[in-house]
Amino acid sequence: MSMLRIPYLEVHTEDGRRSRAKRNVLGKDCDDNSKEQLCCRFPLTVDFEEFGWDWIIAPKKYEANYCSGECPMVFLQKHPHTHLAQLTNKSGTYPGTGPCCAPRKMSAISMLYFDQDYNIIYGLLPGMVVDRCGCS
């Protein structure tokens with residue numbers, strides 16, 4: 001008796017997606033004790049009561065953060081315009097053309113406050129919190 005041989009194909013699948021952190025060399029978080037020289041996000045608490053802004057109901061204070069640090073040319077591949085402007089300005093004629101550490105991503109805060117007629121207003125204020133810094 002002869003055996004009948006039938007070919008078959010066996011397929012295995014696996015989820016090829018891998019979670020990987022986006023490389024962001026300048027997306028650093030620092031604190032007041034940090035020795036970091038490169039562009040960093042530092043904590044900054046804004047206290048509205050210190051300004052005498054009693055028309056703000058809530059929040060009385062919040063974490064705003066700020067950006068500070070050096071921006072060497074090696075990190076400017078994403079923004080070549082800044083590098084070219086710097087090279088063009090060899091004589092120093094145009095101030096402020098060098099690379100600058102600045103907010104790259106910002107978010108909003110919710111706020112309760114009184115308007116000029118003493119109505120209570122709830123608002124979402126965009127661009128109030130620095131989430132990430134970078135060079136441009």
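Which residue does R41 form a salt bridge with? I looked that up before anything else. R41 pairs with D29, and their closest N and O atoms are 2.8 Å apart. The pair ties together distant parts of the chain, with R41 in strand β2 and D29 in strand β1, twelve residues apart. A salt bridge here is a side-chain nitrogen of Lys or Arg within 4 Å of a carboxyl oxygen of Asp or Glu. I count one salt bridge in the structure.

**Ground rules**

I note that this is a predicted model, where local features need pLDDT of at least 70 and side-chain atom pairs count only at pLDDT 80 or more, while totals for chains, interfaces and linings use all residues. Residues are numbered from 1 along each chain as its sequence is written, and side-chain values use heavy atoms, with hydrogens and water left out.

**Confidence**

I checked pLDDT, the predictor's confidence in each residue from 0 to 100. The protein averages 79, and 62% of the residues score at least 70. Residues 20-26 fall below 50, and that stretch has eight contacts in the model beyond near neighbours in sequence. A contact means heavy atoms within 4.5 Å.

**Overall layout**

Along the sequence they run β-β-β-β-β-β-α-β-β. Both kinds are DSSP runs numbered from the N terminus: helices are H or I with at least four residues, strands are E with at least two.

I also looked at burial. Of the 136 residues, 21% count as buried. Buried is under 20% relative accessible area, exposed is over 50%, and partly exposed is in between, using a 1.4 Å probe and protein chains only. By that scale D29 is exposed, because its relative accessible area is 54%.

For contacts with a separation of 6 or more, residues 24 or more positions apart account for 55%.

**The three-stranded sheet**

In which order do the strands of the open sheet of three lie? I read β1-β2-β6, with mixed pairing. β1 (28-29) and β6 (66-68) are the edge strands, each pairing on one side only. Two strands pair if DSSP finds at least two bridges between them. β1 and β2 (residues 40-42) are parallel and share two bridges. K28 has C40 in β2 as its bridge partner.

**A stop at P43**

P43 sits in the loop between β2 and β3. I call P43 partly exposed because its relative accessible area is 38%. Which residues does P43 touch, not counting those up to four places away in sequence? I get C30, D31, E63, N65 and Y66. E63 is 20 residues from P43 in sequence, yet their C-alpha atoms are 6.8 Å apart in space.

**β4, β7 and β8**

β4 and β7 run antiparallel and are joined by two bridges. I56 stands opposite Y113 in β7. How many bridges pair β7 with β8? I count twelve, in the antiparallel sense. Along this pairing, P103 has C133 in β8 as its bridge partner, and M106 stands opposite V130. β7 and β8 make a hairpin with five residues between them. In the turn, Y118 has a positive phi of about 65 degrees.

**The surface**

The protein exposes about 11,000 Å², and carbon and sulfur atoms supply 54% of it. Accessible areas come from the Shrake-Rupley method with a 1.4 Å probe; for residues, only the protein chains shown count as cover.

I then followed a nonpolar patch on the surface, formed by F51, W53, W55, L112, F114, Y118, I120, Y122 and L124. Together they have about 1,000 Å² of accessible area. Patches are made of residues with over 30% relative accessible area and no salt bridge; like charges are joined within 9 Å, and nonpolar side chains (Val, Leu, Ile, Met, Phe, Trp, Tyr) within 5 Å.

Which strand gives the most to this patch? I find β8, with three residues. β7 (101-114) and β8 (120-135) each supply at least two. W55 belongs to the loop between β3 (45-47) and β4 (56-58). W55 counts as partly exposed because its relative accessibility is 38%.
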